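Please read these notes with the model open beside you.

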Amino acid sequence: MELSSSFGMRFRHSAIPSPLAIPASASTAEPHTQTPPHRNTIKLRSSKPFPSARKSATLEIQRSSDLPSALARLGETLTVKDLNAALYHFKNSNKFNHISQLFKWMQENKKLDVSSYSHYMRFMANNLDAAEMLQLYHSIQDESARKNIFVCNSVLVCLIKKGKFASGMKLFQQMQLDGLVPDTVTYSTLLAGCIKIENGYPKALELIQELQHNKLQMDGVIYGTILAVCASNSKWEEAEKYFGQMKDEGHSPNVYHYSSLLNAYSTCGNYKKADKLIQDMKSEGLVPNKVILTTLLKVYVKGGLFDKSRELLAELKSLGYAEDEMPYCILMDGLAKAGQIHEAKLIFDEMIKNHVRSDGYAHSIMISALCRSKLFREAKQLAKDFETTSNKYDIVILNSMLCAFCRVGEMESVMETLKKMDELAISPSYNTFHILIKYFCREKMYLLAYRTMKDMHSKGHQPGEELCSSLISHLGQVNAYSEAFSVYNMLRYGKRTMCKSLHEKILYILLAGHLLKDAYVVVKDNAKSISRPPTKKFAIAFMKSGNINYINDVLKTLHDSGYKLDQDLFAMAVSRYLGEPEKKDLLLHLLQWMSGQGYVVDSSTRNLILKHSHLFGRQLIAEVLSKQQVQLKHKNLTR
DNA sequence: GTAGGGTTAG
């Protein structure tokens with residue numbers, strides 16, 4: 001079930017309309033059967049006819065408002081070079097729709113060369129998504145274009161910009177197999193992809209090694225990129241190493257290099273090194289810019305130097321570098337995380353007073369910080385303020401608001417926020433679900449919490465163990481046994497690790513609900529994590545009322561897991577079998593198995609079996625039991 | 001006339 005359907009609404013899953021949709025006229029334009037009149041006449045009149053005809057045709061194409069028909073009329077006149085120039089022209093006048101129409105025509109009419117592809121890919125890097133770019137690349141017939149360095153780099157730039165590092169790397173490897181010889185641009189492009197990915201540093205190192213193996217020289221941009229990778233992976237020592245190496249090789253660092261090294265110092269808040277770096281930078285004649293000073297603020301904040309941070313923020317303001325919310329966000333987030341929530345709020349208030357541009361980050365930080373400090377009413381008030389003053393929503397601000405509304409228990413505002421999410425076609429995230437499920441649990445709406453978790457799971461989010469564990473307990477308490485088991489299974493078959501005690505917890509719940517078959521699955525898969533008392537409880541329950549066909553299996557499973565079976569269990573099993581004579585084979589099987597494992601039935605059970613032996617075949621029963629007797633005597637003798 | 005690098009929330 002859908003999360004939103006709990007509230008009588010649905011999240012839309014509308015496909016994003018492509019801004020590049022090509023009008024049908026582009027491909028279905030009437031072919032012009034008539035030869036344009038001026039073409040032949042010019043040809044006859046002039047000894048150098050084409051340049052001027054082409055020039056006017058090029059101009060007409062460039063100015064055309066109906067590009068497809070202009071192309072149908074004049075396209076033939078133009079050379080590939082002219083068409084490439086037109087692409088360039090459209091790019092300069094930001095006519096991206098024309099670029100795609102023209103390129104499509106060039107493809108259909110096979111009037112394109114290597115630079116048509118590389119230019120088009122460059123120009124459209126922001127307008128095409130990764131899949132479209134890949135499709136375009138793979139559609140290139142011309143082998144020399146497919147392994148051209150400009151073309152390959154352009155495709156890779158697009159993939160990396162769209163955050164598709166893995167597919168970029170895969171394509172890169174394929175390109176090399178196809179004969180591409182990568183250059184430093186290729187490597188800096190791929191390295192840039194390592195900045196944003198998890199664990200990017202080792203991947204960056206591999207690329208650097210490969211670059212060196214290919215006898216390519218590291219240049220200023222490569223150094224800039226690896227410094228950024230170091231910074232985003234909190235590796236300031238490595239960043240220092242590259243910074244020094246770069247200078248040793250004669251590349252003088254620019255503000256980018258300084259800002260990355262500075263950023264590398266920020267994670268650990270090493271303000272001494274940061275101050276020294278700023279001094280070095282100034283003595284090299286470089287002037288700290290907005291980014292440098294904002295990053296320095298981050299260093300001070302991380303280092304806990306809040307007075308110095310406030311001074312620096314004042315300096316940023318006086319320089320006109322605090323016109324958007326970022327420096328305020330850095331400081332207030334740091335203050336809040338250091339427990340100085342009221343100091344943080346002062347910075348926030350100052351920001352509001354100064355009418356600083358905001359995309360909602362500041363509100364999101366403050367609302368979350370207030371919630372963390374359990375100041376829910378203030379958090380809710382800010383969420384309400386944001387609603388009235390802004391219309392810039394994203395999933396993070398929506399989650400912050402939702403959290404605040406949930407914490408003060410304002411169901412109506414919660415619903416409004418979910419509705420807004422739906423209207424804006426912003427999909428709920430992992431955090432959205434967590435916030436809602438926690439809220440429903442607090443409100444004792446356990447089945448709604450359960451349905452929300454099902455929804456979450458079906459959308460590909462793996463709920464956290466703590467939340468699952470608490471929901472399992474609550475569902476158990478309200479006798480929702482199979483729902484509890486369903487939550488357990490989401491964890492069990494998810495990628496996350498789970499605490500061993502959960503197996504016992506669900507086992508008790510399943511036993512309370514008499515879901516013995518499910519209980520057996522839990523015991524079978526996790527016998528080693530379950531202690532003796534619940535195992536015993538399970539064994540007794542199963543012998544009493546579990547499916548008779550599985551009784552032997554259960555006993556064997558318990559035995560194999562190291563559980564010592566006692567006489568009571570055998571007595572119960574035997575009495576079940578005696579009640580259903582058609583299961584006599586199972587009883588015989590059990591008695592034989594017992595002999596094999598050194599178990600013996602006690603005398604009263606033995607007598608009971610003998611009393612009913614006519615049902616099973618006296619001879620057989622006598623044989624099996626006497627075998628057990630021999631064993632018993634042997635056992636007593638050796639004791 | 002085409003290509004590559006830096007800062008913010010959960």
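1. Two residues are in contact here when they have heavy atoms within 4.5 Å. Leaving aside neighbours within four places in sequence, Thr295 is in contact with Ser259, Leu262 and Asn263. Thr295 sits in helix H18, residues 290-302; helices (H or I, at least four residues) and strands (E, at least two) are DSSP runs, numbered from the N terminus. Thr295 counts as buried because its relative accessibility is 11%. Buried means under 20% relative accessible area, exposed over 50%, and partly exposed in between (1.4 Å probe, protein chains only).

2. This is a predicted model, in which local features need pLDDT of at least 70 and side-chain atom pairs count only at pLDDT 80 or more, while totals for chains, interfaces and linings use all residues. Residues are numbered from 1 along each chain as its sequence is written, chains are lettered from A and ligands numbered from 1 in the order in which they are written, and side-chain values use heavy atoms, with hydrogens and water left out.

3. UniProt positions are given in the numbering used here, feature names are shortened, and annotations may be inferred rather than shown by experiment. In the model, residues 394-428 are 74% helix and 0% strand, with end C-alpha atoms 10 Å apart. For residues 429-463 the figures are 74% helix, 0% strand and 11 Å between the end C-alpha atoms.

4. The unreviewed UniProt entry also places "domain: PROP1-like PPR" at residues 200-341. That span is 73% helix and 0% strand, and its end C-alpha atoms lie 33 Å apart.

5. Ile149 is found in helix H10, residues 149-161. Beyond the neighbours within four places in sequence, the contacts of Ile149 are Leu180, Val181, Pro182, Asp183 and Thr186.

6. Is Lys380 buried or exposed? Lys380 counts as buried, because its relative accessibility is 13%. This lysine is in helix H23. Not counting residues up to four places away in sequence, Lys380 touches Ala404, Phe405, Val408 and Glu410. Lys380 and Cys406 are 26 residues apart in sequence and 9.0 Å apart from C-alpha to C-alpha.

7. The largest pocket holds about 450 Å³ of space. On a 1 Å grid over the protein atoms alone, a pocket is an open set of points where a 1.4 Å probe fits, with protein on both sides within 12 Å along at least five of seven lines; lining residues have an atom within 4 Å of a point. Grid points are joined across faces, edges and corners, and a volume is the space filled by probe spheres set on the points. Of the 16 lining residues, Ser368, Asn399, Cys403, Asn431 and Ile435 are the closest to the centre of the pocket. Helices H22 (361-372), H24 (395-407) and H26 (430-442) are the elements that give two or more residues to the lining. H24 supplies the largest share, 7 residues.

8. Most residues other than glycine have a negative phi. Lys374, in the loop between H22 and helix H23 (376-389), has a positive phi near 60°. Lys374 counts as exposed because its relative accessibility is 59%. Asn479, in the loop between helix H28 (465-477) and helix H29 (481-492), has a positive phi near 65°.

9. How many aromatic pairs does the structure hold? There are 14. Rings of Phe, Tyr and Trp (its six-membered ring) pair if their centres lie within 6.5 Å; planes under 30 degrees apart count as stacked, over 60 as edge-to-face and the rest as tilted. Phe172 and Tyr187 are edge-to-face, because their ring centres are 5.8 Å apart and their planes are at 80°. Phe172 lies in helix H11 (residues 165-177) and Tyr187 in helix H12 (residues 184-196), so this pair ties together parts 15 residues apart in sequence. Both Phe172 and Tyr187 are buried.

10. Another aromatic pair, Tyr520 and Phe542, is tilted, at 5.9 Å centre to centre and 55° between the planes. Both residues of the pair Tyr520 and Phe542 are buried. Ring pairs also link Phe103, Tyr117 and Tyr120 into a cluster.
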